[in-house]
Amino acid sequence: MKAALLRAFGERLTIEEVPTPQPGAGEVLVKPRACGIDGTDLKLLDGFGYVPELPFIMGHEIAGEIVAVGAGVSEFAPGDRVAVYNFVTCGSCVFCRSFRDQLCLNMRGIVGVLDVPGAYAERVCLPAQQLIHLPAEVNYADGATCCDAGLTALHAVDRAAVSIGETVLVIGIGGVGSIVTQLLAGAGIEVIVADVDAGKEQWALSQGASIFSSAAGDELQSLVRDLSDGIGADRVIDVVGLESTMTAGFTSLRRGGRMVVVGYTPERLPLSGKELAQNEKEVIGTRAGRRNDLSRCLKLYASGALASIVRGTYTLDQVNEALAHLRSGVTGRIVLTFD
């Protein structure tokens with residue numbers, strides 16, 4: 001089969017012929033029909049964050065069709081349309097038992113990210129436990145984006161614990177930020193979207209933003225306070241994770257407000273302990289999402305409650321061009337599609 005291999009960090013992927021995997025007991029062989037591309041892929045290319053053993057096949061936002069099943073698999077059959085949950089968990093630790101799958105203490109891998117090859121290939125072999133049936137109403141490209149952007153957005157909004165009538169500042173309007181904005185706006189929340197790319201204004205407004213701004217730093221803080229009678233945002237969801245965005249988000253919070261950090265970079269937040277304590281502010285992290293978040297996201301797409309964020313498609317042979325496009329800046333999501 002054809003696959004795109006990561007052979008050296010900082011280098012282009014190489015398109016090669018590799019052996020087609022065969023499903024063992026409890027496994028399924030999936031033909032990818034769509035695979036989303038996001039910032040985690042760029043981190044993998046750069047050797048930052050997760051560092052898989054090379055060579056490695058990336059691709060963690062996967063929707064496809066089952067072509068074969070291994071012994072003991074009864075809940076899936078060839079021809080089934082599926083989406084893939086990418087955290088391969090133990091199912092028995094305290095976090096798995098409390099429905100916090102992505103914090104599993106005995107993680108056996110992350111599909112397309114660490115230890116488990118992904119879908120930058122014509123076939124991918126996976127444990128059957130990773131699969132969720134893809135609703136007939138959801139196309140493969142949208143189903144793929146649910147596997148990271150969608151479930152991450154849902155979990156981040158849950159972590160923010162937003163109430164009706166509050167104002168939320170969303171920093172970054174890529175794939176995750178787009179779905180965060182849709183979710184909040186659909187719940188009647190006023191959403192201020194900030195992104196340094198002024199060209200994303202119309203996209204942000206189409207996703208449900210009440211206000212868009214390309215301001216940053218002190219200028220963004222002043223804007224948020226002007227829009228909230230000097231109080232500040234009730235919640236901030238930072239999908240970028242730069243020192244500058246986290247600082248602007250933190251200072252834009254009202255007293256008692258909460259900032260949820262979704263994106264991460266090598267940079268750190270220079271936190272003022274005095275401002276944190278005296279204003280009872282909260283800063284919390286959020287990691288991807290739970291298996292149930294993927295199911296919920298697929299149902300929202302199937303019902304029409306979420307709109308597609310796919311803005312461009314590439315073939316497997318064009319994967320390096322797709323990654324370069326992502327690095328230059330993407331509105332929404334770009335997806336690899338397979339015949």
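The crossing of helix 3 with helix 9 is right-handed, a crossing being right-handed if the near helix is turned clockwise from the far one by less than a right angle, and left-handed if anticlockwise. The model is a predicted one, in which local features need pLDDT of at least 70 and side-chain atom pairs count only at pLDDT 80 or more, whereas totals for chains, interfaces and linings use all residues. Residues are numbered from 1 along each chain as its sequence is written, and side-chain values use heavy atoms, with hydrogens and water left out.

Helix 3 (residues 140–160) and helix 9 (residues 291–303) have axes that come within 8 Å and cross at roughly 110 degrees, which makes helix 3 roughly perpendicular to helix 9. Here helices are DSSP runs of H or I with at least four residues, and strands are runs of E with at least two, both numbered from the N terminus; axes are lines fitted to C-alpha atoms, for helices over the stretch in contact, and angles run from 0 to 180 degrees between N-to-C directions. Angles under 35 degrees count as roughly parallel, over 145 as roughly antiparallel, 65 to 115 as roughly perpendicular and the rest as oblique. On the side of helix 3, the residues that meet helix 9 are D142, G143, T145, C146, C147, G150, L151, L154, H155 and D158, and their counterparts in helix 9 are D293, L294, R296, C297, L298, L300 and Y301, contact meaning heavy atoms within 4.5 Å. This contact of helix 3 with helix 9 comprises nine nonpolar, four polar and four charged residues, where Ala, Val, Leu, Ile, Met, Phe, Trp, Tyr, Cys and Pro count as nonpolar, Asp, Glu, Lys and Arg as charged, and the others, Gly among them, as polar.

Helix 1 (residues 39–46) packs against helix 10 (residues 319–328) at an angle of about 105 degrees, with the axes 10 Å apart, and helix 1 is therefore roughly perpendicular to helix 10. In this pair, G39, D41, L42, L45 and D46 of helix 1 meet L323, L326 and R327 of helix 10, a contact made up of four nonpolar, one polar and three charged residues.

For helix 6 (residues 217–227) and helix 7 (residues 243–252), the packing angle is about 25 degrees and the axes lie 9 Å apart, so that the two helices are roughly parallel to each other. Helix 6 passes helix 7 in a right-handed crossing, with G217, L220, Q221, V224 and R225 of helix 6 in contact with A248, T251 and S252 of helix 7.

Two backbone features occur in loops. The peptide bond from L54 to P55 is cis, with omega near -5 degrees, and P55 lies in the loop between helix 1 and strand 4 (61–69). F99, which is not a glycine, has a positive phi of about 60 degrees and is found in the loop between helix 2 (94–97) and strand 7 (109–111).
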